[in-house]
Amino acid sequence: MSAEELRLELDELRQLEGLAKRPRIQSLLANEIRNVEAKLAKATAPAPEPQAAASAPARPVLNYVTLGSFSWDQDNEKIRIYVFLEGVEQEKVETSFKPMSVDIKFHDVKGKNYRCAIPKLNKEIVPEKCKVVVKPTKVVVTLWKASKGNWLDLCFKEDKFKPSMDKEKDPMSGIMDLMKVNVFSWLTSSSFCDHSVTCCMHSPVQNMYEEGDEDMKRTIAKAWSDSRSGKTTDSLSGLR
């Protein structure tokens, strides 16, 4: 029932109360008037303002001391990492094992937080089988290998001798760079010039090699190749 209808009902009840003569009727009307007044008060009461949701307390930023020194060994199936740290509690160790990475955090160790992380392992591991065991003077981390065998190292390392697979690079550029270095070395050698290195490095022949077209460079390179093979023909006689 709306507030307006309650007001109309209350007015009518009060009119009836004024007309009633018998005490029992007057008592019944008085009780009903009180009930309607309570309903009207509730209907017209202002709605309570919604309370602002309590914001979750900001999580404090934790600082970690990086543990860069540890030892490890292995067998055919697993890797064991030994972190020598005292005062570690098992329930305060946070681990993150992934197929190619390990991240272990030790919280509240004598008032400090420590972290031991390997962002890229040498080979894949089985995360669900890995575990951390806390001992009095050290922590043992066991990593299960995804495939049996020996690891040459714990961390992944790029092969420095692996050839570049850059498709856009000219496959002959490496050879030409080597040729250029060797030709320059020959141009500065005593077999070609009796002057000082400084003089030869600024010689007209070198300038011709750097600024010349492909035919000029091939001629100079051929002269270098002939001198390397012991031929006596001076291919650069016309260039000096």
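**Ground rules.** Residues are numbered from 1 along each chain as its sequence is written, and side-chain values use heavy atoms, with hydrogens and water left out. Because the model is predicted, local features need pLDDT of at least 70 and side-chain atom pairs count only at pLDDT 80 or more, while totals for chains, interfaces and linings use all residues.

**First sheet.** I looked up the strands (DSSP runs of E, at least two residues, numbered from the N terminus) and their pairing (at least two DSSP bridges between two strands). Strands S3 (residues 78-83) and S8 (residues 139-144) share six bridges, and I found Ile 79 opposite Leu 143 in S8.

Another open sheet of four strands has the order S1-S6-S5-S4, with mixed pairing. S4 pairs with S5 (residues 101-109) in the antiparallel sense over six bridges, and Glu 94 sits opposite Lys 105 in S5.

**Cores.** Next I checked the nonpolar cores: sets of buried Ala, Val, Leu, Ile, Met, Phe, Trp, Tyr and Cys residues joined through side-chain atoms within 4.5 Å, where buried means under 20% relative accessible area (1.4 Å probe, protein chains only). The largest has 25 residues, and Phe 106 and Leu 143 touch the most other members. S5 gives the largest share, four residues. A second, separate core of nine residues includes Leu 6, Ala 20, Ile 33 and Val 36.

Key: Buried means under 20% relative accessible area, exposed over 50%, partly exposed in between (1.4 Å probe, protein chains only).
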